[in-house]
Amino acid sequence: MTGSGPGSPLGLHRVLDPAGVLPQAAWRLDASPAEVCRIVAERGKMQNPVTGSGGMLTGVVEESGPGSPLGLAPGDRIATLVSLSLTPLVITDGLTGWDGRSEQVPCRGHAILFGRSIATVLPADLPGPLALAVLDVCGAPALTGRVVSQAAGRAGGSAPVVAVLGAAGKSGSLSTVAARRAGAGRVIGVVPSEAEAATLRAAGLADEVVIADARDPVALAAAVHGAGGPAAVTVVCVDVPGCEGGAVLATADGGTVIFFSMATSFTAAALGAEGAAADVTMLIGNGYVPGHARLALDLVRCEPGVRGLFEARVSEDARDGKVEA
């Protein structure tokens, strides 16, 4: 049996005819085991109808078109760094190898990449699950490093303060190291609990570790200021709604906020900054910076604290039967 996934606990979402009755009274039920198959068949791509996102895929290159700029060759085992919500996809095995519980979906089929798609050959020196976990968030450290380097330049070479919200997570931990390498003078890691604080301290990735609810603007700003802020650069890697105001208040006038969360509200960020008379630049991380995959993988290779954190997260996900997105 596969998990039923989101839907009515009474099975109402499986009733096809007539609408509005309980499954026992229905003439026809939907007995298909995998919603993913239906989505891909209908849309020709994988796109979560609730979040709009699609994830990424791994596979082996079957053919490279004439003049392809991607630099891939048949037989290369690759990961795509563009969303499956824009990648033509066909599933041919009905997902018979998927138990419905893991967020990693093994299947047979084919996908088509465009000339301006992004993909990378999976590294031979890192375990596959570890490499995928890094590549999933590789845009965050690359953009963080660029912005922190620019902030140091504007400050005449003085080392800026950087705050990372969600610093014990995948994108957050990579961003803390990228910030330090780019010239940050002080990196403040913000986490929601003592357990995550202990993890971050043990990894040695941040100069200061503070516990605060990123959704509480006043508490978050106070925590960052108390740890050496305000920040010249604030990086939001917390994928929950309501973090916009706190990020703005934690940032110095003339500073920059980078939002890597898909839960970010443009309205809340813009109106919140205006209402607080905050002179900050706000950036939406789009997941792509040239060289982002290589940079993120190199950080994991060279920084034992980051690698240890990622390995623990991958092992935990494996035990739970999932791959964190």
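Guide: Two strands pair if DSSP finds at least two bridges between them. Keep in mind that this is a predicted model.

Visitor: How many bridges join E3 to E4?
Guide: E4 covers residues 77-80 and runs antiparallel to E3. Val60 stands opposite Arg77 in E4. The number of bridges joining E3 to E4 is three.

Visitor: Is Lys170 buried or exposed?
Guide: Lys170 is found in helix H4, residues 170-181. Its side chain makes a polar contact of 3.2 Å with the side chain of Asp136. Buried means under 20% relative accessible area. Lys170 has 7% relative accessibility, so this residue counts as buried.

Visitor: How are helices H3 and H9 oriented to each other?
Guide: The axes of H3 (residues 139-154) and H9 (residues 292-302) come within 8 Å and cross at roughly 95°. Angles of 65 to 115 degrees count as roughly perpendicular. Therefore H3 is, relative to H9, roughly perpendicular.

Visitor: How many charged residues are in the contact of H3 with H9?
Guide: From H3 come Gly139, Pro141 and Ala142; they meet His292, Leu295, Ala296 and Leu299 in H9. By class, five residues are nonpolar and two are polar. The count of charged residues is none.

Note on methods:
Residues numbered from 1 in each chain as written. Predicted model: local features only at pLDDT ≥ 70, side-chain atom pairs only at ≥ 80, totals over all residues. Heavy atoms only, no water. Axes fitted to C-alpha atoms, helices over the stretch in contact; angles between N-to-C directions. Helix = DSSP H or I, 4+ residues; strand = E, 2+ residues; numbered from the N terminus. Parallel < 35°, antiparallel > 145°, perpendicular 65-115°, else oblique. Contact = heavy atoms within 4.5 Å. Nonpolar A, V, L, I, M, F, W, Y, C, P; charged D, E, K, R; others polar. Buried < 20%, exposed > 50% of the residue type's maximum accessible area, 1.4 Å probe, protein only. Polar contact = N/O pair within 3.5 Å; in protein donor to acceptor, adjacent residues only side chain to side chain.
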